[in-house]
Amino acid sequence: MSVQLAIRNLSKRYKTGEGVADINLEVAKGELVTLLGPSGCGKTTVLRSIGGFLEPDSGDILIEGRSVVNLPPEKRPTSMVFQSYNLWPHMSVYDNLAFGLKIRKKPKAEIREAVAGALRLVRLPGAEKKLPGQLSGGQQQRVALARSLLLQPAVLLLDEPFSALDAKLRHEMREELREIQAQTGLTMVFVTHDQEEALALSDRIVVMNHGRIEQIGEPQRIYDEPKSLYVARFIGKMNFLDGVAEGERVRVGGGEYPNPKKLSGPVAVAVRPEDVRVGEPGEGEVQGRVKQTMVLGHYAEVSIETDRGALVRSFLPKDAATRLSVGQHVGVAFAKTIAYPKPNESTGG
């Protein structure tokens, strides 16, 4: 696949010391890549640098092989969808959408057809005459998305566009954006702090931490094989236990696991809740007592306080969890573990 967007050694530092350093990223044509991380990690700095709203200190940004780093936003083949819809309240939906096309001096008939097509794409056919204030938040965000699509950008930039919506609407908008991307083949760069959103939407995820890239990969790879302790803590729920690495093995409680990274000494051992098996007392690598059971729809989250003082969470089928009671002694085993060097101090995330 051809590279649609290339970021080369991008750096941007603010007076506060925050910003990004040495960012390198390639996005293929038709790919949806998400920049993921907590507030202040640099994801929005990267996005705004691509869009031309920030001037980098150094580095280059190429779109379709052409450097855009010295171009103003309106001259770049990009369009941005913001968290706040940025619609003109006194103008109809039609006029909001047609504005950019009128500036480009498109014929009226072409504008009418394009606006109608864009509204069908975002599932708002016939909304041309309405004012933004007559629409719900989700509908306004659809109009903002349609406005960006009409500009036919080489790269569509989305800055936490669904964070102002309620959970149900966010879920619906994610699905719709994925459908639109499949239909249009647009290249998209999406910014979010919501890991669930990133896992659901992305072809690839870029996990950021303190202005640098921690890991780039497909959602399943990021989830299954977090490259660092930071990523392991940030993506999905994870249990952490103390272990010791020696030779080919990592010891946790009474169990031993592979040590592919050839670590040595004290390690932090990460285990996903779905990889925690709960059995009879005496079984498994660690012993403990059930502290709490929470039924979350079709499954339950069971918290177990181990004899070593650590709290371990397990995701179990609802029926299996109902057979457990608070205070009950259980044995705990781990289907899969990942070990990381033990940090000297707590890592954020």
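The questions and answers below go through a predicted model of one protein.

Q: How many helices and strands are there in the protein?
A: The model is predicted, and its C-alpha trace spans about 75 × 45 × 40 Å along the principal axes. The count of secondary structure elements in the protein is nine helices and 20 strands.

Q: What percentage of the residues in the protein is buried?
A: A residue counts as buried when its relative accessible area is under 20%. The protein has 349 residues, and the buried share of them is 48%.

Q: Among contacts with a separation of 6 or more, what share comes from residues 24 or more positions apart?
A: The contacts considered here are those in the protein with a separation of 6 or more. Of these, the share from residues 24 or more positions apart is 64%.

Q: Are helices H4 and H5 roughly parallel or roughly antiparallel?
A: Helix H4 covers residues 137–150 and helix H5 covers residues 167–184. Their axes come within 11 Å and cross at roughly 20 degrees. Angles under 35 degrees count as roughly parallel. Therefore H4 and H5 are roughly parallel.

Q: Is the crossing of H4 and H5 left-handed or right-handed?
A: The two axes cross at roughly 20 degrees. The way in which H4 passes H5 makes this crossing right-handed.

Q: How do the residues of the contact of H4 with H5 divide into nonpolar, polar and charged?
A: On the H4 side the contact has Gly138, Gln141, Arg142, Leu145 and Leu149. These meet Leu169, Glu172, Met173, Glu176, Leu177 and Ile180 in H5. The division is six nonpolar, two polar and three charged.

Q: How far apart in sequence are the parts that the pair Arg123 and Glu176 ties together?
A: The side chains of Arg123 and Glu176 meet in a salt bridge, with N to O at 3.8 Å. Arg123 lies in the loop between helix H3 (108–121) and H4, while Glu176 lies in helix H5, so the distance along the sequence between the parts is 53 residues.

Q: Is Arg221 buried or partly exposed?
A: Arg221 forms a salt bridge with Glu225, at 3.6 Å from N to O. Glu225 has 46% relative accessibility and counts as partly exposed. Arg221 has a relative accessible area of 44%, so Arg221 is partly exposed.

Q: How far apart in sequence are the parts tied together by Lys262 and Glu248?
A: These two side chains meet in a salt bridge at 3.0 Å, N to O. Lys262 lies in the loop between strand E13 (255–258) and strand E14 (265–271), and Glu248 in the loop between strand E11 (239–246) and strand E12 (249–252), so the separation of the parts is 14 residues.

Q: What is the value of phi for Lys262?
A: Lys262 is placed in the loop between E13 and E14, and with a relative accessible area of 53% Lys262 is exposed. Its phi is positive in a residue other than glycine, at near 60 degrees.

Q: Is Glu160 buried or exposed?
A: Glu160 lies in the loop between strand E7 (155–159) and H5. Its phi is near 45 degrees, a positive value in a residue other than glycine. The relative accessible area of Glu160 is 12%, so Glu160 is buried.

Q: Leaving aside neighbours within four places in sequence, which residues are in contact with Ala232?
A: Ala232 is part of helix H8 (residues 229–234). Its relative accessible area is 0%, so Ala232 is buried. Beyond those neighbours, the contacts of Ala232 are Pro226, Met238, Phe240, Arg272 and Tyr340.

Q: Not counting residues up to four places away in sequence, which residues does Thr78 touch?
A: Thr78 is in strand E6 (residues 78–81). At 14% relative accessibility, Thr78 counts as buried. Outside that sequence range, Thr78 touches Ile50, Gly51, Ile63, Pro153, Val155 and Leu157.

Definitions and conventions:
Residues are numbered from 1 along each chain as its sequence is written. This is a predicted model: local features need pLDDT of at least 70, side-chain atom pairs count only at pLDDT 80 or more; totals for chains, interfaces and linings use all residues. Side-chain values use heavy atoms; hydrogens and water are left out. Axes are lines fitted to C-alpha atoms, for helices over the stretch in contact, and angles run from 0 to 180 degrees between N-to-C directions. Helices (H or I, at least four residues) and strands (E, at least two) are DSSP runs, numbered from the N terminus. Angles under 35 degrees count as roughly parallel, over 145 as roughly antiparallel, 65 to 115 as roughly perpendicular and the rest as oblique. A crossing is left-handed if the near helix is turned anticlockwise from the far one by less than a right angle, and right-handed if clockwise. Contact means heavy atoms within 4.5 Å. Ala, Val, Leu, Ile, Met, Phe, Trp, Tyr, Cys and Pro count as nonpolar, Asp, Glu, Lys and Arg as charged, and the others, Gly among them, as polar. A salt bridge is a side-chain nitrogen of Lys or Arg within 4 Å of a carboxyl oxygen of Asp or Glu. Buried means under 20% relative accessible area, exposed over 50%, partly exposed in between (1.4 Å probe, protein chains only).
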